[in-house]
Amino acid sequence: MIPFREIVVADFEFTALPGERPVPVCLVAHELRSGRRFRIFEDQFGPLPPYVTGPDVLFVGFYCSAELGCYRVLRWPMPERVLDPFVEFRNLTNGLPTPAGANLLGALTYFGLDTTGVAENKKEMQEAIGNGTWRGRFTPGEILDYCEGDVIALTRLLLVMLLRIDLPRALLRGRYMAAAAAMEHNGVPIDMDMLECLRLNWTAIQDQLIAAIDCDYGVFDGRTFKLERFAKYLSAAGIPWPRLESGQLDLSDDTFRQMARAYPQVAPLHELRSSLAELRLNDLAVGHDGRNRVILSAFRARSSRNAPSNTRFIFGPSVWLRGLIKPPVGCAICYIDWKQQEFGIAAALSGDPTMQAAYRSGDCYLAFAKQARAVPADATKETYGTQRELYKQCGLAVLYGIGAGGLALRVGQPRIVARNLLQAHHDTYRIFWGWSDAALDTAMLTGSLHTVFGWQIQIGERPNPRSLRNFPMQANGAEMMRLAACLAIERAVEVCAPIHDAFLICAPFDRLEEHIVTMRAAMAEASRIVLGGFELGTDVSITRWPDRYMDPRGAVMWERVTSLLPQRLRATA
Amino acid sequence: MTTNSNPNTVAEMQSTTDQQASTADPFNPTNLRLSQSFVETAGIRKLLTNVPVRKPSPQDFVRVHPDPAYRENFPIIELKDEREEYIVVADLVPLLIGEFVTKTLFTAINRQGTVFFWPVRLPSPEGKNLDWWRSSREAAELAMKSWIRVRANMNLGAYDIFQAESVISDPEWPQLGFWELIKIAFRDHLIDRLDHPVIKRLRGQL
C-alpha cells in the first residue's frame, strides 16, 4: 500500500512558446483518497497549491517536469514526493516495443485501458493552448474539462501501474523531474545580439564558408557535396574511408566524426557539412530574456539520459555554435564535468583495483599505457603524447564494445595495432572484463539489466551485446547526473543545463566560488552514492562576463564564421 | 525538497540534507542502492570443452604451465596425415612396441587464452635426440618463465625460439587439473583396445 496520507494526481495546461517559460492556463487535480477535485483557471492561481503539501503527500503527474515548470513560474514550493508514471512506463518497457508510443495514450493502450477522453478532438485545443491562441476559441470550462480528461485517464493508468512500480526508486526518479523543471526554467544564457546577427547573415555566410573551407578539398559544387570529388580527395590524401555494403563511401555523421578524430585534416569539412545540414538557427529555442530553453526529454534515451532536441538545444548543433553562450552582465558560467566519468564508473562498479588505480592516478589513459607497459613508468603526457592518445582511444572505445576493425579506424592505425591495444586492455583489466562478461551473461539469462537505482533495460528480441555491455556505464552515469542535478538544485545552484557528463551553471561574481564548490560537492557526493563510495573528480571551466563560452573543438570554426560577418558587426564577436 | 530561490540558505539546506541522510529515510538514495556485482549474481563459469593437442603456431606467443603436475610423458601414436595424436593405454604398450613414440605433453596457453597440450618427443630408447626435439623441449622449458614463440628453421633442422622482450603479464590458467584437461583433450583419442580403428589402420586391417 502507498505510504502517503494524500495522493494528488495533477495536470496543467499551459502555453509554451519556443524558448519561453511556460504560462500556466489551468490546473486540474484529484486527491484520490478523499475524492476531492480541484479545477483552477489562470486567474485563480494563489501563492500555494490548492491541495496540501508535505512529505506525506504524493504528487503524481505524467511527464511532470512540465507541471513542475508551472510550479516554478507560479513560485509554488516543489512537491516533496513526486511519482511520474511516464518515467515508470519508460522504465517498465525500456528496450521493448511500445506500439502506441510512450505518451499517456500509448501507456493506456499498452495496458489495454480505456483511452476515452485523452486524445479525441484534442489536437486543435492542444495546439491553441500551446501557442497561446485559445482565447476566444475555447472557454475556460472546455479547457478545464479537457485537462480533467487527462487527470482521469492518468488515474486509470496509475492504478494499473502501481503494482509494477518500485516506489522508493520511482520517487528518486520523480525527484529528478523537479530538477529537470528547474534546468528547463533556468535555460542557457545566449548572446542575443550575436544570434540575431548570425541569423540575419547566415545565408551569405554559408556560401562564403564553403568557399573558404572547400579550397582545401575541392569537393563542393555550389552548395552540393560531390561524392566523386570527395573520393578523389581521399585518394590523393591517402585516407582509407569506410564504405557501405553497397561499396559507396559512408558519409554518415558518425563516420565523419570518427574519421575526423583519426584524420584531423578532415575535421573542418565535417564541421562545415554538419553546419550546412543541421544548423537551422531559427530553430534554436531562445526566449525573450536571452535564455535557450528546451524540454530536456528526461528518461527518453535507453540509458535513461536526457534526449533534448538537437536543433533547439544550444548543446545540440555544431560545437562552434556554443560560442553563442555568454554569461549575463555581472555573472559567470561554469562548465563542470566529471573527469573520465565512464572509465571511473567501469573501474568502480567492476571492482577492478588496477583500473581504479589508473583512475586515481589523475590521468587514467596514461596510467593504462604504463600498466600495459607500453610506456615507461616516468612517461608524461608531453613525452608520450602519441602513445597516450592510442591508449585513450582504446580505453574509451572499449567501453562501447568496439572491435579491432572499428578501433583501427578510430586511431588511424593498422588493424594489428588495434588488436594489440584491445589485448592490452583485456590483459591489464581482467577483473573488469570478468565483470563485463558477467553483466552480459546476466542480461541474457534474466532478460534485463538494471542500474544502482533500478533503471532497467529489457534485452528484447534482438539483444545487442555491445550495447548491453555498455549499459552499466551509460545508465549509471545517467543516475549520477540525475542525483547530482537534484542535490545541486536543492542546494540553490542555478543549473542551466545538463550536458552528457557535465553541467553548465550560472552565478553572479560574488557567489561564483560558493556555487562552484556546492556544485562540485554535489557531483562528488552523487558519484560516491552511485559507485558505493568511489569518488569521481571534476574539472571546472569558468567563463566570466563579458567573455563568451567556447568549446575548444569549435574555436577555429567560430573564428572563421565570425570573420565572415560584415565588418561593422565583428566587434560583437 | 526546496526551491533554488534563496541562495542564503545553502548551509541550512546542506545541513538538512545531511540530517536526512543519517536517518533511515526509505527514500534516501543511499538506502536505495542495488548491487552491480554481476559476477556474483550471474553465477557463470566458462566451461573448457576443447583442449587441442598441437605445436604452437609460428605466430603465437605461448607459456607453459610451470607446475610439474601439469606435464607428463605418454606413449603416443601420431597419425601424421591427419595431424592427430592418440594416447595408448598402459595395458597395450607391450603389444604395440614400435608403433608409438614417447612424448611429453606440456600444458600450454597462448595470448588469446587458448589452453592446449604441446607434445614434445623424448629422446628414443636408442639415445636418438633430433635437434627438432631438443630445441622444442628447450623452448617449452623456457616458456615456463616467459612468453616465447617457436618457428621451424628448415635450414638449421631445429626450432628458432623467440622470447618476448616486453614484460607481459602472466597468463590466467584454467582451474581444471592436468588429468581433467587430458580427459577433455583425449576423450576421442584414446587407444584402449587392439581393434581400435587406428590400430587396425596401422596393421592394414581397414
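1. Which are the buried residues of helix α12 (residues 353–360) of chain A? They are A:Met355, A:Ala358 and A:Tyr359, where a residue is buried if 20 or more other C-beta atoms, placed from the backbone, lie within 10 Å of its own, exposed if 12 or fewer, and partly exposed in between. Seen down the axis of α12(A), these buried residues fall within an arc of 100°, so they line one face of the helix; the arc is that of the directions from the helix axis to the C-beta atoms.

2. A word on provenance: this is a predicted model, in which local features need pLDDT of at least 70 and side-chain atom pairs count only at pLDDT 80 or more, while totals for chains, interfaces and linings use all residues. Residues are numbered from 1 along each chain as its sequence is written, and chains are lettered from A and ligands numbered from 1 in the order in which they are written.

3. The buried residues of α12(A) pack against α11 (341–350), α13 (364–371) and α17 (430–446) of chain A, with contact taken as C-beta atoms, placed from the backbone, within 7 Å. Helices (H or I, at least four residues) and strands (E, at least two) are DSSP runs, numbered from the N terminus. After α12(A) comes A:Gly362, with a positive phi near 95°.

4. The contact between the chains takes 39 residues from chain A and 28 residues from chain B. On the side of chain A that touches chain B, α17(A) gives the most, with 8 residues. That side divides into 20 nonpolar, 7 polar and 12 charged residues.

5. The domain assignment of chain A, which is automatic or from a database, gives domain 1 (6–186), domain 2 (192–283 + 557–572) and domain 3 (319–340 + 475–555). Taken over C-alpha atoms, the centres of domain 1 and domain 2 of chain A are separated by 43 Å.

6. Some backbone values deserve a look, because most residues other than glycine have a negative phi, and most peptide bonds are trans. A:Phe299, in the loop between β9 (291–292) and β10 (331–338) of chain A, has a positive phi near 65° and is buried, with 29 other C-beta atoms within 10 Å. A:His500, in the loop between β13 (494–499) and β14 (502–508) of chain A, has a positive phi near 55°, and counts as partly exposed with 15 C-beta neighbours inside 10 Å.

7. The peptide bond from A:Trp545 to A:Pro546 is cis, with omega near 10°, and A:Pro546 sits in the loop between β15 (538–544) and α20 (555–563) of chain A.

Conventions
Contact = placed C-beta atoms within 7 Å. Nonpolar A, V, L, I, M, F, W, Y, C, P; charged D, E, K, R; others polar.
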